[in-house]
Amino acid sequence: LGLVMGIRLTALVSGLLFGIGLALSGMMDPTRVRGFLDIFGQWDPTLAFVMGGAVIVMAGAWIVRSRMAAPLASDEFHLPGTRLIDGKLIGGAALFGMGWGLAGLCPGPAIGALIVAPASAGLFIASMILGMVLYRLVDRPTSAA
């Protein structure tokens with residue numbers, strides 16, 4: 001029970017920090033994100049600074065993680081494996097980029113934006129969930145015969 005509560009508390013604190021960072025940086029504002037993508041118009045470099053700050057924090061986290069045998073709130077680290085770049089990855093990245101450019105939101109900021117702009121963020125999240133459901137229906141794993 002203690003381990004489960006630790007994991008949930010860690011997730012809650014991480015989510016709150018992420019949300020506060022998004023709100024303070026203005027990344028829940030789709031016009032700011034679209035301004036970053038408008039490199040030939042009125043370019044807004046704010047997102048570049050936010051990403052740069054995140055890279056610095058993450059580099060520090062990787063250094064700390066490399067010195068730990070196990071995380072504080074779990075028995076082991078759950079790290080993704082390395083995968084090859086394939087058509088699914090490229091297609092997914094392209095779809096993500098198009099959606100990000102059109103809506104000015106990605107999943108994390110959209111959830112935070114539910115508080116400040118529920119109609120547009122809600123439409124984005126509903127579309128995102130529909131896309132996930134369609135993916136599950138279309139991309140069924142094939143059984144090895």
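**Helix packing and a buried serine**

In this predicted model, helix 2 (residues 30-37) and helix 4 (residues 87-103) cross at roughly 120°, their axes coming within 8 Å. Helix 2 contributes Pro30, Val33, Arg34, Phe36 and Leu37 to the contact, while helix 4 supplies Trp100, Gly101, Leu102 and Ala103. By class, the residues of this contact comprise seven nonpolar, one polar and one charged.

Helix 4 also takes part in the packing of helix 6, whose buried residues lie against helix 4 and helix 5 (107-116). Helix 6 itself spans residues 118-138, and its 21 residues reach 29 Å from the first C-alpha to the last, close to the 30 Å expected at 1.5 Å a residue. Buried positions in helix 6 include Ala121, Phe124, Ile125 and Met128; because these cover an arc of only 95° around the axis, they are placed on the same side of helix 6. An α-helix has 3.6 residues a turn, so residues three or four places apart point the same way. The face of helix 6 turned away from the buried side carries Ala119, Leu123, Leu130 and Val138, which are exposed.

Ser25 belongs to helix 1 (residues 2-25). Its relative accessibility is 14%, and Ser25 therefore counts as buried, the limit for this class being under 20%. The side chain of Ser25 reaches the backbone oxygen of Gly21 at 2.8 Å. When residues up to four places away in sequence are not counted, Ser25 touches Arg32, Thr46 and Val50.

Terms used. Residues are numbered from 1 along each chain as its sequence is written. This is a predicted model: local features need pLDDT of at least 70, side-chain atom pairs count only at pLDDT 80 or more; totals for chains, interfaces and linings use all residues. Side-chain values use heavy atoms; hydrogens and water are left out. Helices (H or I, at least four residues) and strands (E, at least two) are DSSP runs, numbered from the N terminus. Buried means under 20% relative accessible area, exposed over 50%, partly exposed in between (1.4 Å probe, protein chains only). A polar contact is a pair of N or O atoms within 3.5 Å; within protein, one must be able to donate a hydrogen and the other to accept it, and residues adjacent in sequence count only if both atoms are side-chain atoms. Contact means heavy atoms within 4.5 Å. Axes are lines fitted to C-alpha atoms, for helices over the stretch in contact, and angles run from 0 to 180 degrees between N-to-C directions. Ala, Val, Leu, Ile, Met, Phe, Trp, Tyr, Cys and Pro count as nonpolar, Asp, Glu, Lys and Arg as charged, and the others, Gly among them, as polar. The expected span of a helix is 1.5 Å times one less than its number of residues. The arc is that of the directions from the helix axis to the C-beta atoms.
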